[in-house]
Amino acid sequence: MKINENYSKLEGNYLFATVASKVNEFKATHKGKNIINMGIGDVTGPLCEAVIKNLNSAVLDMADAETFKGYGPYRGYNFLIEQIVELYNRRNISLIESEVFISDGAKSDCANILNIFGANQTVLIPDPVYPAYMDTNIMCGNKILFADATRSNKFLPLPNQNLNVDIIYICSPNNPTGATYNKNQLEKWVDYANEQDAIIIFDAAYKDFIEDENLPKSIFEVPKAKTCAIEICSFSKTAGFTGTRCGYTIIPKELTKCGVTLKDMWLRHQSSNYNGTSYIIQKGASAVFSQEGQQQIKETLNHYKENAQIMCKTMDEMGAFYTGGKNSPYLWFECFNSLNSWEFFDVMLNELNIVGTPGQGFGKNGKNFFRLTAFGTKENTQEAMNRIKQYF
Ligand code: PLP
């Protein structure tokens, strides 16, 4: 019997645990302080009415033998897949139903997609980025290279022609930097991937925060992407599904490697590894695409976007260097007073009573940067910005 030795190479996930323990210690010794939490990457608004209505009626479907559902289709229910195909078609991206796979969220697909690739791949991961990409690649023993995102490239690294890679992760809008690629920049990645015969895993979890009509919400807005990219999407941030769990992954029929069509391989994977996202949840998710659902999720998204605007305005007034805030719920800024991100965290907590996330936790290039999120209330966001402006 052997265990997967690669797990011993994982670093402990101390970031949020350390943040929580520092906050708890502060709370215990400073009772009654109004601490504003802008560290969480989770949504705070409830599911919209249209989703709740569909969830309720799907529960009742399960109570009646006539409408009861057992195991569902491996790719997901057509009522939901058809709506996703329509959404892409409206944006002039042609898709067919068999290219869409309903999931229980982006995180599991980001990880499990690695199962259809061979061992010992060389993967290119942005630094800084959502830590799950790195952990899941360490677990399967892949070789990891980093695409350095820094102040000098505005946290949007471009391909390095001298590197040979097999799998490329792109997260746009990025967590934690909020930086979002334009079409021209994505074209560079797509050309590079096609030349290298590499795969792009495009994480579009935050696409619905994109306001600028010129910025791509999907990598398939770059036509040649269909021969190199897999797109992973989520209802989590779009419609408050972080606790409800639903997402979808798109693998174009044109995407073949070593003579194999990857969407067929993924279907084979899912049929052996996954018994589907629950019918009730898929029914709930389908309400997101209805007219009332669209209107209702827009109201919540607008609330977060307004918070992000308040944060950007403060940073502009202070002359700070930052990315995100626009087209993203995350604001990523350079720590003031030349502090590193943990020192800055301590000042923010102890002096300003604001909780944020030290950039170091997302990669070495985050060492002097800090992430604040727009998922709180407007009052708290404004109050936090007032405190920052006054103190610094
Ligand atoms: N991808 C990115 C970039 C994220 O930041 C997150 C969550 O914070 C996820 C994926 C996870 O999404 P889901 O809730 O759909 O699993």
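Let's start with helix α5 (residues 132–139), where Ala132, Tyr133, Thr136, Asn137 and Ile138 are buried; buried here means under 20% relative accessible area, with exposed over 50% and partly exposed in between (1.4 Å probe, protein chains only). This is a predicted model, in which local features need pLDDT of at least 70 and side-chain atom pairs count only at pLDDT 80 or more, while totals for chains, interfaces and linings use all residues. Residues are numbered from 1 along each chain as its sequence is written, and side-chain values use heavy atoms, with hydrogens and water left out. Helices (H or I, at least four residues) and strands (E, at least two) are DSSP runs, numbered from the N terminus.

The cover over the buried residues of α5 includes α4 (106–112), together with the strands β3 (122–127), β4 (143–148), β5 (167–171) and β6 (199–203). After α5 comes Gly141, with a positive phi near 75°.

## The sheet of 7 strands

Several of those strands belong to an open sheet of 7 strands with mixed pairing, in the order β2-β8-β7-β6-β5-β3-β4. Its edges are held by β2 (100–103) and β4, each with a single partner strand, so one side of each has no neighbour in the sheet. From one strand to the next, the twist averages 20°. Angles here run from 0 to 180 degrees between N-to-C directions, and axes are lines fitted to C-alpha atoms, for helices over the stretch in contact.

Strands β3 and β4 run parallel and are joined by 6 bridges; two strands count as paired if DSSP finds at least two bridges between them. Within this pair, Val123 stands opposite Ile144 in β4. Helix α3 packs on the sheet, touching β2, β7 (229–234) and β8 (247–250), and its direction makes about 125° with that of β2. Contact means heavy atoms within 4.5 Å. Another helix, α6 (residues 183–196), lies across β3, β5 and β6 and runs at about 165° to β5.

## Where α3 meets α9

Helix α3 (residues 78–90) also has a helical partner: its axis and that of helix α9 (residues 279–286) come within 9 Å and cross at roughly 30°. That makes α3 roughly parallel to α9, a label for angles under 35 degrees, with over 145 roughly antiparallel, 65 to 115 roughly perpendicular and the rest oblique.

Which residues make the contact? From α3 they are Phe79, Leu80 and Gln83, and from α9 they are Tyr279, Gln282, Lys283, Ala285 and Ser286.

## The sheet of 4 strands

A second topic is an open sheet of 4 strands, ordered β11-β12-β15-β14 with antiparallel pairing. The edge strands, β11 (322–324) and β14 (357–358), each pair on one side only.

Strand β15 (residues 369–373) pairs with β14 in the antiparallel sense over 2 bridges, and Phe370 in β15 is the bridge partner of Pro358. Strand β12 (residues 330–334) also runs antiparallel to β15, joined by 5 bridges, and there Trp332 stands opposite Arg371. Why is β15 largely enclosed by the rest of the structure? Because 5 of the 5 residues of β15 are buried. Phe369, Arg371 and Thr373 point one way from β15, while Phe370 and Leu372 point the other way.
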